[in-house]
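This report walks through a few local features of one protein model, heading by heading. Please keep the sequence and the structure in view while reading.

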Amino acid sequence: MVQRTDNAEVMSMDLSPKRPAKAYGGDGGAYYDWSPADLPMLGAASIGAAKLHLAAGGLSLPSYSDSAKVAYVLEGAGACGLVLPEAAKEKVIPVKEGDALALPFGAVTWWHNAQDSSADIVVLFLGDTSKGHVSGKFTNFQLTGATGIFTGFSTEFVARAWDLDQDSAAKLVSTQPGSGIVKLAPGHRMPEARAEDREGMVLNCFEAPLDVDIKGGGRVVVLNTANLPLVKEVGLGADLVRIDGHSMCSPGFSCDSAYQVTYIVRGSGRVQVVGIDGTRVLETRAEGGCLFIVPRFFVVSKIADETGMDPIFSHLAGRTSVWKAISPAVLETSFNTTPEMEKMFRSKRLDSEIFFAPN
């Protein structure tokens, strides 16, 4: 259930960007997540966020989650095994940097980084935890390994479920001492990833057509049901953004009452957030690897540093500026200014509604 927060509580929440903490891992890699205890807005928004790092030869064991998710491959390349609900066949999807995948409820996944890989694969997960066990945090269920679901059943139950004798059932359940992530033995062969399994399952934000392209300002690819159909089942879209050096992402709020979840993929920049009664509730620098959440209807803006900034976030203000939609007479009165000043204000932002390139 979504937690309800009053105005005073939201205004006093710590909105500053945070990095995740390591939840578990070993030689094969590690799983990191953000906790509502450190980032209270996760609980308020019922949003989960986590990152998977897999070293060469690392395997994230098959699991399912209590939440639908969107996965973004931040670095590296590898394979994602995916079994959709009611599917009779596993998909083995080759994935690479820039890929986005929608993972609906009931999907079982595993992730693998090849033995001969020269780099880690890093995957970001964002999802709606409103139906999960803990608001603001994913709960994952491992099929196998030391914390696998069958370790909790008696040998009798396991043997009958799999039609095995009890000795075989006990051995099968107990032979994998790893938990969550393991490193494969040299020479162990994994199933070949199939390019055809990417069809309809993956959108690469570096290769997709741009929804917004402002010269010297920035670019946007919008993840939605048109370019990734499973987004409809996940219920969480996103904007994949690149802000050029010293450019500004215009002040905006989510007009559909959604929380704005922002993860900085790379780069850095300044962030300001304004809340109720025009109060600035956050002024900080955000760097690669950090995540923050803006409360509903609060206004956020970002200015990239010299190297630019690549955030993933839930919603931009859109290509249509509310300032241009409001009639001039209303703006004159609202700002208590002259018609000449109102006209100058309006004329400055005719084309670049989302990104403002540096002067």
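D277 is found in the loop between strand 18 (260-274) and strand 19 (280-287), where strands are DSSP runs of E with at least two residues, helices are runs of H or I with at least four residues, and both are numbered from the N terminus. Phi of D277 is near 60°, which is a positive value in a residue other than glycine. D277 counts as exposed, at 75% relative accessibility, on a scale where buried means under 20% relative accessible area, exposed means over 50% and partly exposed lies in between, computed with a 1.4 Å probe on protein chains only.

The model is a predicted one, in which local features need pLDDT of at least 70 and side-chain atom pairs count only at pLDDT 80 or more, while totals for chains, interfaces and linings use all residues. Residues are numbered from 1 along each chain as its sequence is written, and side-chain values use heavy atoms, with hydrogens and water left out.

E86 also has a positive phi, of about 70°, although E86 is not a glycine. The loop that holds E86 runs between strand 6 (77-83) and strand 7 (91-96), and E86 is exposed there, at 81% relative accessibility. A87 has its place in the loop between strand 6 and strand 7 and is partly exposed, with a relative accessible area of 36%. Along the chain A87 and A107 are 20 residues apart, and their C-alpha atoms are separated by 9.4 Å.

A pair of aromatic rings is described by the distance of the centres and the angle of the planes. Rings of Phe, Tyr and Trp (its six-membered ring) pair if their centres lie within 6.5 Å, and planes under 30 degrees apart count as stacked, over 60 as edge-to-face and the rest as tilted. A search of the whole structure finds seven aromatic pairs. One of them is formed by F150 and W162, a tilted pair with 4.5 Å from centre to centre and 50° between the planes. This pair links distant parts of the chain, twelve residues apart, since F150 lies in the loop between strand 11 (140-142) and helix 3 (155-162), whereas W162 lies in helix 3.

F150 is partly exposed, at 22% relative accessibility, and W162 is partly exposed as well, with a relative accessible area of 33%. The ring centres of F153 and F157 are 6.3 Å apart and their planes stand at 15°, so this pair is stacked. F153 is partly exposed at 46%, while F157 counts as exposed at 51%. Ring pairs join F150, F153, F157 and W162 into a cluster.

G152 is also placed in the loop between strand 11 and helix 3, and at 68% relative accessibility G152 counts as exposed. The C-alpha atoms of G152 and V173 lie 9.8 Å apart in space, although the two residues are 21 residues apart in sequence.

## A cavity and the lysine at its lining

Rolling a probe the size of a water molecule over the atoms shows where empty space is left. On a 1 Å grid over the protein atoms alone, a cavity is a set of points where a 1.4 Å probe fits but cannot get out, and lining residues have an atom within 4 Å of a point; grid points are joined across faces, edges and corners, and a volume is the space filled by probe spheres set on the points. The count comes to three cavities of 30 Å³ or more, and the largest cavity has a volume of about 240 Å³.

Which residues lie nearest the centre of the largest cavity? Of the 20 residues that line the largest cavity, S63, K69, T109, F125 and N140 lie nearest its centre. Strand 4 (58-65), strand 9 (108-112) and strand 11 each supply at least two residues of this lining, and the largest share, five residues, comes from strand 4. By class, the lining has ten nonpolar, nine polar and one charged residues, where Ala, Val, Leu, Ile, Met, Phe, Trp, Tyr, Cys and Pro count as nonpolar, Asp, Glu, Lys and Arg as charged, and the others, Gly among them, as polar.

K69 lies over the face of F125, at 5.0 Å from the ring centre, and the charged end of K69 sits over the ring of F138, 4.6 Å from its centre. A charge sits over a ring if NZ of Lys or CZ of Arg is within 6 Å of the ring centre and within 35 degrees of the ring normal.

Note on methods. 1 Å grid on protein atoms, 1.4 Å probe; cavity = no way out; pocket = protein on both sides within 12 Å on 5 of 7 lines; lining within 4 Å.
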